[in-house]
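Here are my notes for someone opening this one for the first time. Have the viewer ready and follow the points in order.

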Amino acid sequence: MKLTVWTYEGPPHVGAMRVATGMKGLHYVLHAPQGDTYADLLFTMIERRDHRPPVTYTTFQARDLGSDTAGLFKQAAQDAYDRFKPQALIVGASCTAELIQDDPGGLAETMGIPVPVIPLELPSYQRKENFGTDETFFQIVRALARPMEKTAHVTANLIGPTGLGFRHRDDVVEVTALLNEMGIEVNVVGPMGATPEDLTRLGAAHFNVLMYPEHAEAAARWMERELKLPFTKTVPIGVGATRDFLAEVSQITGLPVRADESRLRLPWWSKSVDSTYLTGKRVFLFGDGTHVRAAARIARDEMGFEVVGLGCYNREMARPIRALAKDFGLEALVTDDYLEVEQAIEAAAPEMILGTQMERHIGKRLGIPCAVISAPVHVQDFPARYSPQMGWEGANVIFDTWVHPLVMGLEEHLLHMFRDDFEFHDAAGPSHHGGHAPRAMDANPLERTPAEPAAAADGGVPAPAAASVSQAAPETGRDTQAAPQGAAGASSVEVVWLPSAESELKKIPFFVRGKARRNTEKYAAERGVSEISVDTLYEAKAHYAR
């Protein structure tokens, strides 16, 4: 473990909470100090659930450590059963409680609670949240599922969706519709929406659909071995993957593929002339392994983007992600350190980022548009509307989500290009409103807004913008840190940008303007040039293009 201000995954007991929160009739007794109850907010505030997670905390305090904390756990477990009357209990310890070694599983086993009590051994100091979801669901399935007679008609289990998952609720609806079109009914969906009693019927299905390997692969492999349930290997995110998924289902069941693609919009757009201005756009991908693998295929094969970097934060998916990166001619970035991710993105200088909530923040700092493709996410990525990632409608949602940042980026670039035009400058009124003529520029330098250059006292040409090479460029929040690395170390010359050069710099697209500024200032400082003109700007461009 390490101290950090942000993390991609919580400890494994948060993963267990995601399983418990997604299910019904299951209760989680968590041996934990008072401070660990923060996890409730992940579900009530971020996911916007209308009920609290089904978790009872022992909430021991520092003064309790000298007494019987095991007794606190046993009392909490009995109270939880008496109050909630669950069909099953899962019991475990948080990362802090693990240190006092009270053995919640062994304690619960001696209590005689009249429902299944499933102990969880989650190594908090070696593994993380996604391992917690996978291991918890596996232990529940192993405890409850048994071989049984198959259903008369072909049915499938959908396994993997949890609480706090990225669009899991809507993905279940979309995958169910895909199977129904082929005449396949859904037997059980789990963990999300299932009760412990439902999970006892898993063996009645003919196969499993593994929707999210991070959360259910261990359970899928156990059911394949013990219940003779094959499982799908293709995650249906994107047009090509959805078609491959249906073909795989057909191979497992012997049923013909029936697919209604009438709602699909992405392939038509990809073939249209409108898509050509996005062809070859450079993108950087980062998130959980499942969504990054799917996004890489969509980006290259369906959108015509160039993938310039990819990686994942969950080390359980490191091997397939490294193999995928090799196929793209890249080296995979496998890390849970967001600062390493930021450095890799800055070095790759992509035109768009496809990532998590953290990459959205990184994009803001670097001035690069970002679309969210993976958990962890914030409240805006738990929409009330139907917004899946899987299936045909998921392909449409992805198309909108990815294209809009680039389209708006193009619009912003055009606005920057024409910002000095009489109709579009910062002080102009809205030209599309009748009777709104552009306002005259205020000649009083004391009343100018900070965004306008200060004019000379006699109303002449604005004074040049002077900046030390270690100062920040206004276009990107990271220039304050990035500029000194090359320029300040090379020379202490104070660099002045002439107005004509500043104006030319603004014509460079905003997502690479910060890098152009830094390179130009470094070029000038290394050569002892104190004033950057338009010629200096283009000389620096030619120098770094070699």
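1. A quick word on terms before anything else: two residues are in contact when they have heavy atoms within 4.5 Å of each other. With that in mind, take a look at Leu285. Setting aside its neighbours within four places in sequence, Leu285 is in contact with Val292, Ala295, Ala296, Val307, Gly309, Leu310, Gly311 and Leu354. Do keep in mind that this is a predicted model.

2. Now the overall picture. The protein has 20 helices and 15 strands, and 53% of its 546 residues are buried. If you take the contacts between residues at least 6 apart in sequence, 71% of them join residues at least 24 apart.

3. Which residues have the most contacts inside the largest nonpolar core? They are Leu179, Val209, Leu285, Met303, Phe305, Leu310 and Trp402, in a core of 56 residues. Helix H15 (residues 391-417) supplies the largest share of this core, with seven residues. There is also a second, separate core, made of 47 residues, with Ile118, Leu122, Leu210 and Val372 among them.

4. Helix H14 (residues 357-366) deserves a stop. Seven of its ten residues are buried, so the rest of the structure largely encloses H14. The buried ones are Gln357, Met358, Glu359, Arg360, Ile362, Gly363 and Leu366. As for what covers these buried residues, the list includes strand E8 (282-287), helix H13 (338-348), strand E11 (352-355) and strand E12 (370-372).

5. Check both ends of H14 while you are there. Just after the helix, Gly367 takes a positive phi of about 75°.

6. Next, a sheet. Four strands form an open sheet in the order E2-E1-E3-E4, and the pairing is parallel. Strand E2 (55-57) and strand E4 (117-119) are the edge strands, each pairing on one side only. From one strand to the next, the twist averages 25°.

7. E1 and E2 pair in the parallel sense over three bridges. Along this pairing, Tyr28 stands opposite Val55 in E2, and Leu30 stands opposite Tyr57 in E2. With E3, the parallel pairing of E1 runs over six bridges, and here Val29 stands opposite Val91.

8. Is E1 covered or open on its two faces? Both faces are covered: Leu26, Tyr28 and Leu30 are buried on one side, and His27, Val29 and His31 are buried on the other.

9. Helix H5 (residues 129-144) lies across E1, E3 and E4, and runs at about 140° to E4. Back at the pairing of E1 and E2 over three bridges, helix H1 (residues 12-22) packs on the sheet, touching E1, E2 and strand E3 (88-93), with its direction at about 160° to that of E1.

10. Finally, the rings. How many aromatic pairs does the structure hold? Three. One of them joins Tyr8 and Phe286, a tilted pair at 5.4 Å centre to centre with 55° between the planes. This pair links distant parts of the chain, as Tyr8 is in the segment before H1 and Phe286 is in strand E8, 278 residues apart. Both Tyr8 and Phe286 are buried.

11. Phe286 also pairs with Tyr313: the ring centres are 6.5 Å apart and the planes are at 50°, so this pair is tilted. Here too distant parts of the chain are linked, with Phe286 in strand E8 and Tyr313 in the loop between strand E9 (306-312) and helix H12 (318-327), 27 residues apart. Tyr313 is buried, as is Phe286. Put together, ring pairs link Tyr8, Phe286 and Tyr313 into a cluster.

Conventions:
Residues are numbered from 1 along each chain as its sequence is written. This is a predicted model: local features need pLDDT of at least 70, side-chain atom pairs count only at pLDDT 80 or more; totals for chains, interfaces and linings use all residues. Side-chain values use heavy atoms; hydrogens and water are left out. A nonpolar core is a set of buried Ala, Val, Leu, Ile, Met, Phe, Trp, Tyr and Cys residues joined through side-chain atoms within 4.5 Å. Buried means under 20% relative accessible area, exposed over 50%, partly exposed in between (1.4 Å probe, protein chains only). Two strands pair if DSSP finds at least two bridges between them. Axes are lines fitted to C-alpha atoms, for helices over the stretch in contact, and angles run from 0 to 180 degrees between N-to-C directions. Rings of Phe, Tyr and Trp (its six-membered ring) pair if their centres lie within 6.5 Å; planes under 30 degrees apart count as stacked, over 60 as edge-to-face and the rest as tilted.
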